[in-house]
Amino acid sequence: MSQYLYRYISFETFVGMVQKQALTFVLPKVWDDPKERTAFYSFIGKRENIYERMMYLAIHGKTYAQCWTQQEESDAMWRIYSYGNHAIRIKSSRGKIGQLEKVTAYDVKYVENPEEVGEKKNYFEALTQKRMAFEHEKEVRLINSYQFKTDEDFERHVKALMIVSGHSGRVELLENLFPKLPLEEQVKEVISLLNIGENSKNTKDISYAHINEFIEGVMVHPMAPTWYVEIVEEFCRKNSILFEGKSVLYTE
């Protein structure tokens, strides 16, 4: 039997997810805990091969993640993700999550100092380390990472990284990558290719429309008012989603 994973979200997020039939992943740079970001750069700094380093930097700008948990229910999770006592807990199985296109689920490891991940050899280990202070979350991180299509695709990304890092031959590299565009457009193309800067795409939708009954259950916050529970129940009914009711965590 496949293990269930859970995600605590707002009702607005839940509605949007159902209407789009997609999960919204985010870039690591917008994660709340800055220690997680420094863990990645520590990992990059340990790469002796310059091309390997550039490869991970290019991937990092196009790697998106979403947090789920093995924690079926707890006081801490409902309080942290309360949304004014209107939180929704959805669940899905590892088997169905494994059917998401180009998405892999990694169990987060909790360590004293995430920056020590620099010694690790696996890029995804660097993205799945958190401080012990977050251990109560029992997080499972879903990751969607860019995959180079060809050797030429990899070379384009490396050249783009050399340009933004101030390489002495950056003008020649620009002309080589985008020979028919004016300078301003060339710069925009480089930024877009690497997905960096103020206009980077911080989110990415991953469709689950091809997975039958992906959402296997919905539960409402244990302190939610009756009228709100009824709204969620009706929305689930109209969308053929199993409604598991209001949590009884605080019920005698």
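Lys204 comes out as partly exposed because its relative accessibility is 34%, where partly exposed lies between buried (under 20% relative accessible area) and exposed (over 50%), with a 1.4 Å probe and protein chains only. Lys204 sits in strand E9, residues 203–207; strands (E, at least two residues) are DSSP runs numbered from the N terminus.

The model is a predicted one, so to speak of local features takes pLDDT of at least 70 and side-chain atom pairs count only at pLDDT 80 or more, while totals for chains, interfaces and linings use all residues. Residues are numbered from 1 along each chain as its sequence is written, and side-chain values use heavy atoms, with hydrogens and water left out.

Now for the charge pairs. Counting a side-chain nitrogen of Lys or Arg within 4 Å of a carboxyl oxygen of Asp or Glu as a salt bridge, the total is 12. One of them pairs Glu244 with Lys91, with 3.0 Å between the closest N and O atoms. This pair ties together distant parts of the chain, 153 residues apart: Glu244 belongs to strand E11 (residues 243–246) and Lys91 to strand E4 (residues 88–93). Glu244 is partly exposed, at 28% relative accessibility, whereas Lys91 is buried, at 11%.

Elsewhere, salt bridges link Lys130, Glu137, Glu139 and Arg141 into a network. Within it, Glu139 meets Lys130 at 3.1 Å, N to O, and Arg141 at 2.9 Å. Lys130 and Glu139 are both buried, and Arg141 is buried too.

Conventions
Helix = DSSP H or I, 4+ residues; strand = E, 2+ residues; numbered from the N terminus.
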